Amino acid sequence: MRVPRLRPRAARAALILGVLSLLASACAAPPLVTGNPQSTLDPQGPNAQLIHDLLVPYIFIPAVLVFLVVEGILIYAVFKYRGKQGDALPVQFHGNTPLEITWTIIPAIILIVILFFTFRTQAALATPPESPNAVNVRVIGHQWWWEFQYPDLGVSTANELHIPTGVPILVSLESADVIHSFWVPLIAGKQDAIPGRVNRMWMQANEAGTYSAQCAEFCGVQHALMRFLVVAESQSAFNTWAQNERGVPFAGAGSAQPTAVAGSQQSLVQQGAQLFQAGACITCHTVRGTPANGVVGPELTHFGSRKSIAANTFPKDEQGNNLKRWLRNPQAVKPGNLMPNLNLSEQDINAIAAYLESLR
Amino acid sequence: MVATSPLAPAAPAAPVVLPAPVIHEDAHAIEQRWYGWEWLATVDHKKIGIMYLLTGFAFFLLGGFEALLLRTQLIRPLNTFLQPDIFNQMFTMHATTMIFLAIMPINVGLGNYIVPLMVGAADMAYPRLNAFSYWLFLFGGIFLNLSFISGGAPNTGWFGYAPLTEPGLGGNSGVDYWNLGLQLLGVASIAGAVNFIVTILKLRAPGLTFNRLPLFGWMTLITSFLVIFSFPSITVALILLMFDRQFGTHFYLPSGGGDPLLWQHLFWFFGHPEVYILILPAMGIVSEVLPVFSRKPIFGYSFIAYSGVAIGFLSFTVWAHHMFATGLGDFANGAFATGSFLIGVPTGVKIFNWIGTMWGGSLRFKTAMLFAVGFIAMFIIGGISGVSLASPPVDFQQTDTYYVVAHIHYVLFGGAIMGIFSGMYYWWPKMFGRFLDEGLGRVHFWLTMVGFNLAFFPMHWLGTEGMPRRIYTYFPDMGWNFWNMASSVGAYILGISVMVLVGNMIYSYSRPRDEMADNPWDAATLEWATTSPPPAHNFDAVPVVYSRYPLWEDRHPVEGGQPAVIATAAPHTSIDERSHPADTQVAVGEGETNAHLATDATDHGEHDAGHAFHLPAPTIFPMILAFGLLLIAFALLFSPPILKVTFLITGVIYFVVAIYGWVKQISE
């Protein structure tokens with residue numbers, strides 16, 4: 001069978017078209033460089049984007065060039081001027097003032113240019129984008145969890161920060177104990193939460209998604225596991241979430257407690273409610289609409305609708321095993337955290353877990 | 001008789017007028033003892049230098065072991081090798097040990113040994129104070145490490161941010177050991193700095209103007225000024241913290257009207273000059289090694305010297321670049337960014353001048369030179385990562401991540417430590433009369449380069465990918481697994497490389513000592529104009545200097561046609577009896593030359609020509625004084641009043657006895 005041969009002109013055209021389309025697709029949407037959940041190379045919001053746009057063209061690329069040139073000259077000198085035993089003494093020159101001035105001035109100029117772009121980015125970062133829909137969030141760092149309040153919306157929650165996409169989020173940062181740092185790498189640079197002062201920053205998520213975030217200032221034994229999640233969603237989904245957060249679970253049923261309904265699962269929930277409210281839990285945790293109003297640990301009013309446990313120490317799993325693992329022995333999972341091991345029986349653990357998951 | 005220098009030119013360019021080196025056979029016959037009264041009571045800068053080096057190196061091994069523990073924990077996600085609090089203690093002690101107990105003392109040790117020789121002096125300006133500094137360093141280091149067996153090592157980081165260090169917020173009792181230990185070390189450092197400054201300002205040999213001072217001397221001088229001006233800041237910070245922890249004040253507690261940022265300002269006002277204290281001596285070492293092994297003078301001597309001065313000044317203007325994310329505001333951030341960028345300029349100038357020194361030279365790659373070139377290569381990388389950190393917006397992503405860990409290790413290990421290694425290989429023959437083995441040295445160097453870069457280069461990436469620092473574990477789905485493992489493997493290779501160095505040191509010292517040339521590297525500066533090792537009094541006669549490279553004046557004819565001589569019949573030095581009677585110097589009268597010198601133990605300065613420099617006899621009082629301060633630190637550490645009072649009274653007694661004995665010796 002004869003294999004048809006491409007005519008040379010057609011082949012060339014195909015090649016050119018192929019390359020162009022590749023380039024076009026690269027320019028079309030910024031590719032995810034690494035896809036890692038906390039990568040600073042994948043800006044997903046204008047704050048992180050401004051930083052990225054300063055770093056890559058004005059700092060990283062000049063840095064690579066300087067590295068290649070200077071190391072290159074060094075390595076060249078190492079090879080070119082190798083001596084041998086018995087070599088004559090080399091020419092004993094030891095200075096060149098014009099050269100000195102040149103290599104003082106040129107790096108100074110390069111650095112001043114980078115400084116100029118730095119100031120430009122600082123100015124851009126100083127003011128959030130204008131928007132009537134900006135959301136105010138008050139962040140309070142605790143050892144080792146995050147408290148989030150939305151003063152204008154009457155919402156108070158913990159460890160999972162919901163925000164609407166496409167609008168600036170005006171964040172104020174405080175701490176209840178030691179210095180923490182609020183860092184959502186895909187969306188914004190970090191700022192410290194320092195006791196005794198209020199720091200401010202803004203951030204904005206372009207697209208819906210769940211963004212991984214972590215405390216970035218050493219704050220004690222469980223600094224490593226003081227993470228959190230930022231859930232960006234459409235404005236309507238956010239409004240629904242906020243509405244739900246404002247309320248209390250089971251309120252529609254006429255009370256803020258799970259009511260007894262036939263079926264073993266719900267009575268497990270009721271058992272859990274009773275255990276929770278009779279036990280030590282209420283001294284540290286708040287569940288609005290119940291007697292539980294402790295403030296040492298995160299608020300749990302809508303724990304059931306969150307995706308993770310213990311400041312994203314681990315995500316929730318389908319079977320609920322992670323939550324039970326936590327309840328069984330929080331000290332084994334996050335040693336040194338402020339929740340003691342309550343030595344609960346397996347039955348109690350199942351009940352409390354069911355209750356907590358019912359708090360949607 | 002004189003071992004041939006491997007670097008000597010094939011044929012001298014002109015008749016050499018240097019006097020034949022004088023080797024005191026008696027001095028060589030007495031093999032050095034490594035124990036005994038002569039070490040406890042010595043005030044000889046060479047012995048003190050060796051003690052600093054050995055003790056500092058031991059702490060370097062300890063700090064390295066702590067690092068290997070850290071990297072073992074981090075080799076894979078959710079590892080359970082170290083419990084969280086132990087991990088936090090380890091990173092606190094790793095940094096504190098490396099900075100205060102390893103790099104600084106080793107720098108001071110090399111400086112102690114070499115600087116007086118380099119300036120042609122018989123000893124440091126204050127030999128007893130010198131001994132005091134060493135003993136206080138040793139005691140401070142022991143005090144700090146006692147915390148391990150008494151409630152746990154400090155767990156709040158080497159930077160000890162308030163309010164984490166305040167009572168009840170997670171800091172353990174080790175924080176008090178850290179606080180008081182650093183204060184003891186601070187006193188030792190300040191005393192040492194004063195000593196170096198006066199030595200370099202006042203004890204230079206005739207003709208040794210500042211324009212001829214070796215660059216290691218320049219850098220030691222600048223470093224000493226940095227110590228004097230920066231340590232008071234951390235001392236104040238630590239004292240205020242001590243008051244907060246022990247006496248219920250609230251300098252750093254907002255609940256009492258205090259401010260956590262006060263700690264950060266006080267700490268970093270010290271902390272930034274501190275990192276230049278760590279690196280400048282190593283830059284000085286490299287500036288000494290490169291000309292010798294390139295066989296031409298340093299390129300741009302004045303520029304290197306003055307850029308060191310510029311770095312010294314500028315280092316006090318950049319401290320808040322450690323605080324960009326604390327909310328100081330754009331104006332403050334911008335101002336500190338400007339200074340931080342500017343400080344890159346003199347640093348670059350040095351790098352270019354070092355390359356200029358190599359350029360057109362005849363490079364001899366002895367191990368000292370390998371490490372000097374390695375220093376330049378690694379420091380370039382560390383300097384470049386510093387530039388991105390100096391930009392506040394970029395810093396908002398990079399600070400408190402592994403990117404910073406990469407930066408600091410490129411400048412502190414790739415820079416300071418490799419510079420120190422270079423100095424060790426270079427000055428080892430001078431100090432011990434033996435070479436470190438070159439074959440093992442090459443193995444050491446290449447293992448270091450591989451291990452170091454594998455351990456730390458990936459950290460740039462880990463930080464960029466969002467890995468914060470000071471975390472005892474991480475999750476498997478963050479994308480950090482592979483490079484953490486690679487980094488840990490690199491750390492192990494680095495550990496092996498250090499073992500090779502230790503083996504080299506032991507091997508070198510186990511070989512019998514043959515006659516070592518005064519100047520085996522064909523170097524140019526004054527420490528090479530005396531025996532290897534030098535006699536107790538350093539120089540038989542005070543050298544007179546006519547240029548920057550006194551021993552190269554055969555190839556650098558001095559202007560005015562003056563003959564190149566090292567030692568003339570110059571004012572003698574006389575000393576009281578030192579530890580080795582056979583080393584006691586004889587007075588050199590006018591007109592005598594070196595050839596007539598003999599060691600005569602009976603002469604004690606009878607030929608006083610009016611310029612006698614009396615060196616003090618060995619004395620135990622500096623150590624007693626240091627010990628007294630240690631006891632006072634224990635008094636401040638313990639809470640039960642009975643312990644406080646006991647230690648305080650005992651400490652004060654030691655203190656008073658020591659001062660009395662010390663002063664009495666001066667007036668004798």
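# Rings, charges and a chain interface

Visitor: Which residue has its charged end over the ring of F475(B)?
Guide: A charge counts as sitting over a ring if NZ of Lys or CZ of Arg is within 6 Å of the ring centre and within 35 degrees of the ring normal. Over F475(B), the charged end lies 3.8 Å from the ring centre, and the residue that carries it is R227(A).

Visitor: Good to know! What kind of model is this?
Guide: Residues are numbered from 1 along each chain as its sequence is written, chains are lettered from A and ligands numbered from 1 in the order in which they are written, and side-chain values use heavy atoms, with hydrogens and water left out. Local features need pLDDT of at least 70, side-chain atom pairs count only at pLDDT 80 or more, and totals for chains, interfaces and linings use all residues, the model being predicted.

Visitor: How far from the centre of the ring of Y509(B) is the charged end of R434(B)?
Guide: Here both partners belong to chain B. The charged end of R434(B) sits over the ring of Y509(B), and its distance from the centre is 4.0 Å.

Visitor: Let's turn to ring pairs. How many aromatic pairs are there over all chains?
Guide: Rings of Phe, Tyr and Trp (its six-membered ring) pair if their centres lie within 6.5 Å; planes under 30 degrees apart are stacked, over 60 edge-to-face and the rest tilted. A search of the whole structure, covering all chains, gives 72.

Visitor: Are the rings of F100(B) and F270(B) stacked or edge-to-face?
Guide: F100(B) lies in helix 4 (84-118) of chain B and F270(B) in helix 8 (260-294), so their pair ties together parts 170 residues apart in sequence; helices here are DSSP runs (H or I, at least four residues) and strands are E runs of at least two, numbered from the N terminus. Both residues are buried, a word that stands for under 20% relative accessible area, with exposed over 50% and partly exposed in between (1.4 Å probe, protein chains only). The ring centres are 6.2 Å apart and the planes at 10°, so the pair is stacked.

Visitor: What about W218(B) and Y306(B): at what angle are their planes?
Guide: W218(B) is in helix 7 (215-247) of chain B and Y306(B) in helix 9 (301-314), 88 residues apart. W218(B) is buried at 10% relative accessibility, while Y306(B) is exposed at 54%. The centres are 6.0 Å apart and the pair is edge-to-face because the planes are at 80°.

Visitor: How many residues of chain A are in contact with chain B?
Guide: Contact means heavy atoms within 4.5 Å. On the chain B side, 91 residues take part, and on the chain A side the number is 87.

Visitor: Which residues of chain B lose the most area to chain A?
Guide: Buried area is the accessible area (1.4 Å probe) that two parts lose on being put together, summed over both. Between chain B and chain A it is about 7,300 Å², with 67% from carbon and sulfur atoms. Together giving 9% of what the chain B side buries, the residues that lose the most are F299(B), W359(B) and Q397(B).

Visitor: Which helix of chain B gives the most to the side that touches chain A?
Guide: Several helices of chain B each supply at least two residues to that side, among them helix 4, helix 8 and helix 15 (438-464). The one that gives the most, with nine residues, is helix 11.

Visitor: How many salt bridges are there between chain B and chain A?
Guide: A salt bridge is a side-chain nitrogen of Lys or Arg within 4 Å of a carboxyl oxygen of Asp or Glu. Between chain B and chain A the count is zero.

Visitor: Which residue forms a salt bridge with E174(A)?
Guide: E174(A) is in strand 5 (169-175) of chain A and its partner is in strand 1 (135-142), 36 residues away. The closest N and O atoms are 2.6 Å apart, and the partner is R138(A).

Visitor: Finally, how far apart are the C-alpha atoms of I106(B) and L278(B)?
Guide: I106(B) is in helix 4 of chain B and is buried at 4% relative accessibility. Not counting residues up to four places away in sequence, I106(B) touches L53(B), G56(B), F57(B) and I420(B). L278(B) is 172 residues away along the chain, with a C-alpha separation of 9.9 Å.
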